[in-house]
Amino acid sequence: LYIRMLGRPTVPKEEREFFHHDSVSWTPVAADSGAAGEGMTEKILNFDPEAGVSTRMLRFSPGVVTDVVITHDFWEEVYIIEGELTDKRINQTFTSGMCACRPPGMPHGPYTSPVGCTTFEVRYYRK
């Protein structure tokens with residue numbers, strides 16, 4: 001099944017029945033992602049290689065500081081599982097249980113996380 005979104009042909013993410021996230025390893029966030037800081041790791045829970053979008057968990061180790069404002073061309077929904085994250089640009093701290101829905105182009109960050117933070121994110125394209 002192929003779906004066309006924003007003029008991009010995409011293949012669906014991999015079909016997966018329930019699995020425990022511990023079956024996926026934490027890996028360092030790629031330095032070239034523009035949003036990585038020392039001590040940031042991710043678990044890619046599913047990925048659409050054609051569209052380049054993912055479902056992931058993102059972990060900020062205690063003391064992480066990033067230094068760039070982030071924007072991207074996809075939608076991003078984020079839920080904070082534990083810890084807290086401060087957006088330095090707007091001087092606001094977000095905590096466990098809070099969520100965000102960011103449309104393409106919405107600026108966010110740079111961030112700091114003195115106590116650490118783990119998030120769950122879904123990224124996708126939409127017309």
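Which residues does Gly-97 touch, not counting residues up to four places away in sequence? Gly-97 touches Tyr-79 and Ile-80, where contact means heavy atoms within 4.5 Å. This is a predicted model: local features need pLDDT of at least 70, side-chain atom pairs count only at pLDDT 80 or more, and totals for chains, interfaces and linings use all residues. Residues are numbered from 1 along each chain as its sequence is written, and side-chain values use heavy atoms, without hydrogens and water.

**Gly-97**
- Gly-97 sits in the loop between β8 (92–95) and β9 (99–102); strands are DSSP runs of E, at least two residues, numbered from the N terminus.
- Its relative accessible area is 40%, so Gly-97 is partly exposed (buried is under 20%, exposed over 50%, partly exposed in between; 1.4 Å probe, protein chains only).
- Glu-82 is 15 residues from Gly-97 along the chain, and their C-alpha atoms are separated by 7.4 Å.

- Tyr-79 belongs to strand β7 (residues 75–87).
- Tyr-79 is partly exposed because its relative accessible area is 40%.

**Cysteines**
- The count of disulfides is zero, a disulfide being a pair of cysteine sulfur atoms within 2.5 Å.
- Cys-101 is in no disulfide; the nearest cysteine sulfur, that of Cys-99, is 8.8 Å away.
- Cys-101 has 42% relative accessibility and therefore counts as partly exposed.
- Cys-117 counts as buried because its relative accessibility is 3%.

Note on methods
Helices (H or I, at least four residues) and strands (E, at least two) are DSSP runs, numbered from the N terminus.
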